[in-house]
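Please look over the structure shown here. What can be read from a set of atoms, one region at a time?

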Amino acid sequence: MAIKRKFGVKKHRSVDHESLEDSPGHQIVVELESVGEDDLSFQEHINAINNELRRRQPDLPNIMDRMKRTLYKRVELMAKPTGEVMQMFPFFQVPELMHHEMKLRFGQDMELNLQNALTRLSPNVIRAAQQGNHKELLATLLTEANTDDLQKSAAILILPELFKEKTCFFYCLDEEPSSPFPVMIIHNTVTPLLCNNVSIKMDGVNITSGEMDIPHALQCLLEVYFIFGVEYPKQIRHTLSFVEHYLFNIKKTPVSIPVLKLSNQICS
């Protein structure tokens, strides 16, 4: 394990070759090894990506190709402190490129998985909250949840309460997070379900931000955990495990008993 300096988050080993070979992105990694990018060509690709992003209309297919060519070496560098990683690879600030990185490494269409799961499970999550001791929170969140899309956002924000976990490790409303772990910052505190501006921060560093709703922000949040190799904090572990397994269908970490119990309640 590598511990980030001072109050930083705990990360996995910088490169886990076995997990890469077992992942859906295995063929891409092997292909990259055969390309044989050296340190000079690697830096040329990274410089070209960053220069392209400065253009008014960046050539995203070109950037994505260069991301593929530099993937293997970039994975080795992700265990560095968050600020250093973002200085080296500022393209992670672009949500579309973060999604591409996730697909390269894990072979998952995160957005499709999430939308299918939310369509199926959101009513059950809200029903479970109504049956528990969460009526005050539910009433607040559902004040503006008068469409199917807003109910999906409400279901996401309710999840930590169902596990009796600390919401501040999952999202906060227009304020700096107290946790060094990845957190969604919602920038519309009057009606959070209607927000279209969310940031993801980790270690006090802005990872990505922009126009996105709650489901899109949740996708970015989990991608930060996976791309940066961050272990789930105990304060929000069950919520993130549920999100990983039952909303995004990734299934890379063990499932705890509380997660299994909730899944039996709302997934059946």
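The model is predicted. Keep that in mind throughout.

**The sheet**

Start with the strands. An open sheet is built from 4 strands, in the order β3-β4-β5-β6. The pairing is mixed. In general, strands of a sheet pair through backbone hydrogen bonds, either parallel or antiparallel.

Which strands stand at the edges? They are β3 (171-173) and β6 (205-210). Each has a single partner strand, so one side of each is left without a neighbour in the sheet. From one strand to the next, the twist averages 25°.

Now take β4 and β5. Strand β4 covers residues 183-186, and strand β5 covers residues 198-202. The two run antiparallel and are joined by 4 bridges.

On to β5 and β6. These strands run antiparallel too, with 5 bridges between them. Here Val198 has Gly210 of β6 as its bridge partner. β5 and β6 form a hairpin, and 2 residues lie between them. In the turn, Asp203 has a positive phi of about 55°.

Is β5 enclosed or exposed? Of its 5 residues, 5 are buried, so β5 is largely enclosed by the rest of the structure. In a regular strand, side chains alternate between the two faces of the sheet. Both faces of β5 are covered. Val198, Ile200 and Met202 are buried on one side. Ser199 and Lys201 are buried on the other.

**The cavity**

The volume of the largest cavity is about 40 Å³.

The largest cavity is lined by Leu118, Leu121, Ser122, Val125, Ala155, Ile156, Leu159, Phe242 and Leu247. Three helices matter here by name: α7 (110-131), α9 (148-162) and α11 (237-247) are the elements that give two or more residues to this lining. The largest share, 4 residues, comes from α7. By residue type, the lining of the largest cavity has 8 nonpolar residues, 1 polar residue and no charged ones.

**The salt bridges**

Charged side chains come next. The whole structure holds 6 salt bridges. The table gives some of them.

| Pair | N to O distance |
|---|---|
| Asp39 and Lys73 | 3.5 Å |
| Arg69 and Asp65 | 3.2 Å |
| Glu101 and Arg74 | 2.7 Å |

Take Asp39 and Lys73, whose side chains meet in a salt bridge. This pair links distant parts of the chain, 34 residues apart. Asp39 is in helix α3 (residues 39-53), and Lys73 is in helix α4 (residues 60-77). Asp39 has a relative accessible area of 59%, so it is exposed. Lys73 has a relative accessible area of 23%, so it is partly exposed.

Arg69 counts as partly exposed, at 34% relative accessibility. Asp65 is partly exposed as well, with a relative accessible area of 36%.

Now turn to Glu101 and Arg74. Their closest N and O atoms are 2.7 Å apart. What does this pair tie together? Glu101 lies in helix α6 (residues 95-106) and Arg74 in helix α4, so the pair ties together parts that are 27 residues apart in sequence. Is Glu101 buried or exposed? At 0% relative accessibility, Glu101 counts as buried. Arg74 is buried too, with a relative accessible area of 0%.

**A loop residue**

Finish with Val190. Where is Val190 placed? Val190 sits in the loop between β4 and β5. Its relative accessible area is 72%, so Val190 is exposed. Compare that with β5, where 5 of the 5 residues are buried.

Val190 also has a position relative to Asp174. In sequence, Val190 and Asp174 are 16 residues apart. In space, they are 9.9 Å apart, C-alpha to C-alpha.

Key. Residues are numbered from 1 along each chain as its sequence is written. This is a predicted model: local features need pLDDT of at least 70, side-chain atom pairs count only at pLDDT 80 or more; totals for chains, interfaces and linings use all residues. Side-chain values use heavy atoms; hydrogens and water are left out. Two strands pair if DSSP finds at least two bridges between them. Axes are lines fitted to C-alpha atoms, for helices over the stretch in contact, and angles run from 0 to 180 degrees between N-to-C directions. On a 1 Å grid over the protein atoms alone, a cavity is a set of points where a 1.4 Å probe fits but cannot get out, and a pocket is an open set with protein on both sides within 12 Å along at least five of seven lines; lining residues have an atom within 4 Å of a point. Grid points are joined across faces, edges and corners, and a volume is the space filled by probe spheres set on the points. Ala, Val, Leu, Ile, Met, Phe, Trp, Tyr, Cys and Pro count as nonpolar, Asp, Glu, Lys and Arg as charged, and the others, Gly among them, as polar. Buried means under 20% relative accessible area, exposed over 50%, partly exposed in between (1.4 Å probe, protein chains only). A salt bridge is a side-chain nitrogen of Lys or Arg within 4 Å of a carboxyl oxygen of Asp or Glu.
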